[in-house]
Amino acid sequence: MRRPVIAGNWKMYKTQAETRAYFAALAPLVAGSTHCDIVVAPPFTALAAAVEAAKGTSISIAAQNMHWETEGAFTGEISAGMLLEAGCRAVIIAHSERRQFFGETDERANKKVKAALAAGLTPLLCVGESLAEREGKKTEEVLERQFRGGVAALTSAEFSRIILAYEPVWAIGTGRTATPEMAAEAHQFLRQLAAAAFTPERADMLRILYGGSVKPDNIKGLMAQVEIDGALVGGASLKAEAFASIVNF
Ligand code: PEP
């Protein structure tokens, strides 16, 4: 039985004051929500405020990106160790916006996954095809390349500590959601890849989240699919009430 995860990705939204107000609203709404892991990923500048505000709740804080080196002359970058020290428990890696706008490659994603694991963070590795790739019937090819690239050279024990997010690029921030069946099909394919790369047992334990315009009114249908182990939520995670109702699907 895989424990569901509902994760919110705030992207480049919210100041520290807005972060404190958000957690004050969210905490009571999810106080009794023991059925899933709850994760919120604020921008770097709001991490400390989020960690402080989430104390005493079951909400974990994640970062949205990191560098793979532990330290060095990498202006503007943050290491996994720094995130851990700031109170993060997880980190989103290779979100499609980073792949699209910031040159994230599978090779870099893989270095980040390994560095996150080495530091004791849970990597939340994102994969997903663009609309052109889906229409060109390349979905499986893209997922296979991103999955294999992202988890390359991980040991089976390391692989057991990652979370995968299937986020079709055409569904992110567009209001266009993959149907639960489409998402489940992609998840099943990813699980087969995991079984081939590691073991069927590891694949069976892998938590695969769906992301792409998840809202309070479509989460139930998505979570009804056995293949879908949770959601990575962008826009709808910005309002505490909406995110709470997704958590409490
Ligand atoms: C995301 O940012 O990962 C995401 C899925 O965004 P949205 O829910 O807004 O589509």
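## Exercises on a predicted model

Serine 79 is located in the loop that joins strand S3 (59-63) to helix H3 (80-85); helices (H or I, at least four residues) and strands (E, at least two) are DSSP runs numbered from the N terminus. The model is predicted, so local features need pLDDT of at least 70 and side-chain atom pairs count only at pLDDT 80 or more, while totals for chains, interfaces and linings use all residues. Residues are numbered from 1 along each chain as its sequence is written, and side-chain values use heavy atoms, with hydrogens and water left out.

**Exercise 1.** Determine whether serine 79 is buried or exposed, and which backbone atom lies by its side chain.

*Solution.* Step one is the classification: buried means under 20% relative accessible area, exposed over 50%, and partly exposed in between (1.4 Å probe, protein chains only). Serine 79 counts as buried because its relative accessibility is 5%. Step two concerns the contact: a polar atom of the serine 79 side chain lies 3.2 Å from the backbone oxygen of threonine 70. A polar contact is a pair of N or O atoms within 3.5 Å; within protein, one must be able to donate a hydrogen and the other to accept it, and residues adjacent in sequence count only if both atoms are side-chain atoms.

**Exercise 2.** Describe the surroundings of asparagine 9 and lysine 11.

*Solution.* Asparagine 9 belongs to strand S1 (residues 5-9). With a relative accessible area of 4%, asparagine 9 is buried. A polar atom of its side chain lies 3.0 Å from the backbone nitrogen of lysine 11. Lysine 11 itself is in the loop between S1 and helix H1 (16-29). The phi of lysine 11 is near 55°, a positive value in a residue other than glycine.

**Exercise 3.** Which residues come nearest to the ligand, and which polar atoms lie by its oxygen atoms?

*Solution.* A residue is near a molecule or strand if one of its heavy atoms lies within 4 Å of it. There are 14 residues around the ligand, and Lys11, Glu167, Gly173, Ser213 and Gly235 come nearest. Next, consider the atom pairs. A polar side-chain atom of lysine 11 is 2.8 Å from an oxygen atom of the ligand. Polar backbone atoms also take part: one of serine 213 is 2.7 Å from a ligand oxygen atom, and one of glycine 235 is 2.8 Å from a ligand oxygen atom. Finally, the shell around the ligand consists of four nonpolar, eight polar and two charged residues. Here Ala, Val, Leu, Ile, Met, Phe, Trp, Tyr, Cys and Pro count as nonpolar, Asp, Glu, Lys and Arg as charged, and the others, Gly among them, as polar.

**Exercise 4.** Where does alanine 153 lie, and is it buried or exposed?

*Solution.* The first step is to find alanine 153 in the loop between helix H7 (139-151) and helix H8 (156-159). Alanine 153 counts as exposed because its relative accessibility is 65%. Its phi is positive, about 60°, although alanine 153 is not a glycine.
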